[in-house]
Amino acid sequence: MLIFTLRRINLLLITVLLLTLVSFSLNFLFPGDPLVNMSGRINPTPDQLLILSDQYQHNANYFIQYWTYLQHIFKGELGVSMASHLPISSEIINLLPATIELSMTALIIAMCLGIPIGFIAAISHKKITDNIILTIAMLGYSIPVFWLALLAILVFSIQLNWLPSAGQISLLYEIKHVTGIQFIDIMLSESEYKWQAFQNASSHILLPACVVALAPGALFIRLARTAMMDVLETSYIRAAKAKGLSFLQIIYRHAIRNALINVIRHVGLQFANLITLAMVTEVIFNWPGIGRWLIESIYQRDYTAIQAGLLVLSSFIFIVHILTDFIYAALNPLARDTKHGA
Amino acid sequence: MNLLDIRNLSIELQTTNNSILAVDHVSLSMKEGEVRGLVGESGSGKSLLAQAIIGVLDERWHVHADRFHWRGKDLLRLSPEERKSIISQDVAMIFQEPMSCLDPTTTIGEQLAEAVDTEQLSGYFWQRNQQRKNAAIKLLHKVGIKHHDLCIKSYPHQLTEALCQRVMIAMALAKRPMLLIADEPTAAMETTNQGQIFRLLASLNQLKNMSILLISHDLENVTHWTNNITVMYSGQFVEAGTTKQIFTEPYHPYTRALLNSSPKANIELPVKSRLMTLPGSIPILQHLPIGCRLGPRCPRAQQACVKAPKVSNFHGHQVSCHFSLKDTY
């Protein structure tokens, strides 16, 4: 297990290093002066340019430049935004938690609904339940997310007036920014309207999270269904039947765990997809997350923000990927220890 | 009284276009305390027959029988649930490839403990977990695994094939079955381990009076351990009798060919001469010959063989052939 952990951490470090290499080279590939792209200070005076080139070691070779760039990143200096002239690191700290909150809620909704429904479909294979579930999954997977989001706003916010259509929380509630994740901040605040704020925040997150969760959820249904059907065909399930266990016992004790292993592997891969969906949804629902900020930066040609935002988002996706690897290892004893001769 | 009495059991595979008769009217009977070998080439339907007895075939397979008695009880009259509860109570099975028959994500201890049935336990539910654990340890001792602590904590992939097979046998013993069906228990095992497993089965038969149905493709290997042998070919019944009868006076041309094809059984064979074998190979399920399925390969086949022969009984030595070798002895 220790070796497994070390290997994963190693993988994380190397990938982050490669990501920084990409974002570093982006500075040179974007139009304009690399120094301006890196620091974000537009139209610098010759004096400022001199200071900047000293800061980023611009006259040294590429390797030293990269090394200085890395030092800046690890110090948390990602430059300033070309559009707003605010330090990017502080913007990211403000915005990233909202995205984490939205994507994690969506992921939990997708997993908690998708995987059990997939299992039910596999158990009632070739029956009408299976066909209905498959049809719905197919439909859910093929609906474009922006259209679904607009439709959801139209139906649930405007016509039925059940859920709010935009924002993270109503402006009435004043929640201090501590961790950035709304629900934790509400819990930490000492307002007497804590529970009302909590309710309000949940009703705000419900619609966008469901919209983001639909496509991955539909995919999880299909993955869980195939995984479960594969497991039910194996000889250890037949042996368990011969042991005299009832069908439910077999499902609970042997089938679910083995099927989950195969699904969890794909969750990490699907997370990148989910973040992309979340970025589009953030724009439509006016969610104050990093995705919306990044898309706005792209519109404004804010190169400094683009490269920093890409770096942070991809690192986040990769960290989640590693986390699912750990969950996979916890479920699967075969992945935990090093195999000899294999 | 017979422990198990099966008459004319057929297993059909239902495909989208047609149905294939994979096992064609096979009869099998077992007495208490008997060790019977079920022998045939791979693809002759031995494992299917065993899985049909234990009732773990999926819905693609249709099983019919004229008679299916378990200790005098007619199982065909019972509902599937009742049949399953009786069978899982008294019959246990060990499969080939033990490694793949153990759940890879559950420890051996847990898998053993869940095989122990509730009737053997006493006391309140909070005591039962401990009792199950103790029962599991005792079972491991019974099959000759001394390091139970280590074994209980292990996952299947951490054990050797032979150890896994012992664990499977221990699991089968948990219900204290009257009949143990061993489906090629020593496939893919070295000779020393094979010997250990067979000795274990033999001792269980002698000490616990447990009947064993030993399924194998290797006639020679099982003769050492069995009282009676049933031979199958391509899903059809060929011959049944005591081990001695089958070995010294086989009535069916197929059994004779099977014996002749093994170098140990005919020691008088001159050096460097060819072993006697039947021409051709076992037919595939989609293209089964009509009548006696051995027909196209049989050295004694005649026109009558296009109709399936009836089983004839000579003092307990049953053979299914129009032109049996009985008169040649």
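A: Let us begin with burial. In H3(B), the buried residues are B:Ile108, B:Gly109, B:Gln111, B:Leu112, B:Ala113, B:Glu114 and B:Ala115. Buried means under 20% relative accessible area, exposed over 50%, and partly exposed in between (1.4 Å probe, protein chains only). Helices (H or I, at least four residues) and strands (E, at least two) are DSSP runs numbered from the N terminus. The model is predicted: local features need pLDDT of at least 70 and side-chain atom pairs pLDDT 80 or more, whereas totals for chains, interfaces and linings use all residues. Residues are numbered from 1 along each chain as its sequence is written, chains are lettered from A and ligands numbered from 1 in the order in which they are written, and side-chain values use heavy atoms, without hydrogens and water.

Q: How many of the residues of H3(B) are buried, and which helices do they pack against?

A: Helix H3 of chain B spans residues 108-115, and seven of its eight residues are buried. Those residues pack against helix H11 (247-284) of chain A and, within chain B, against helices H4 (125-142), H5 (148-153) and H6. Contact here means heavy atoms within 4.5 Å.

Q: How many residues of chain B are in contact with chain A, and how much area do the two chains bury between them?

A: The size of an interface is often given as the accessible area lost when the parts come together. The figure is summed over both parts, with a 1.4 Å probe. In this model, 23 residues of chain B are in contact with 21 residues of chain A. The two chains bury about 1900 Å² between them, 54% of it on carbon and sulfur atoms. On the chain B side, B:Val56, B:Thr105 and B:Glu114 lose the most area, together 30% of what that side buries.

Q: What is the count of salt bridges between chain B and chain A?

A: A salt bridge is a side-chain nitrogen of Lys or Arg within 4 Å of a carboxyl oxygen of Asp or Glu. The count between the two chains is one. A:Arg253 and B:Glu114 meet in a salt bridge, with N to O at 3.0 Å. B:Glu114 is also among the buried residues of H3(B).

Q: How many salt bridges does the structure hold over all chains?

A: It holds nine. One of these pairs A:Arg8 with A:Asp325 at 2.2 Å, N to O. A:Arg8 lies in helix H1 (residues 2-29) and A:Asp325 in helix H13 (residues 303-331) of chain A, so the pair ties together parts 317 residues apart in sequence. A:Arg8 is partly exposed at 22% relative accessibility, whereas A:Asp325 is buried at 14%.

Q: Are A:Arg225 and A:Asp130 buried or exposed?

A: Both partners count as buried, A:Arg225 at 13% relative accessibility and A:Asp130 at 2%. The closest N and O atoms of their salt bridge are 2.8 Å apart. A:Arg225 belongs to helix H9 (residues 194-233) and A:Asp130 to helix H6 (residues 128-142) of chain A, so parts 95 residues apart in sequence are tied together.

Q: What volume does the largest pocket have, and which residues lie closest to its centre?

A: Rolling a probe the size of a water molecule over the atoms shows where empty space is left. On a 1 Å grid over the protein atoms alone, a cavity is a set of points where a 1.4 Å probe fits but cannot get out; a pocket is an open set with protein on both sides within 12 Å along at least five of seven lines, and lining residues have an atom within 4 Å of a point. Points are joined across faces, edges and corners, and a volume is the space filled by probe spheres set on them. The largest pocket has a volume of about 1900 Å³. Of its 49 lining residues, A:Lys241, B:Val56, B:Leu57, B:Asp58 and B:Glu59 are the closest to its centre. H1(B) gives the most to this lining, with six residues.

Q: Which residues lie nearest the centre of the largest cavity?

A: They are A:Ala242, A:Lys243, B:Met93, B:Met171 and B:Ala172, out of 13 lining residues. This cavity has a volume of about 120 Å³.
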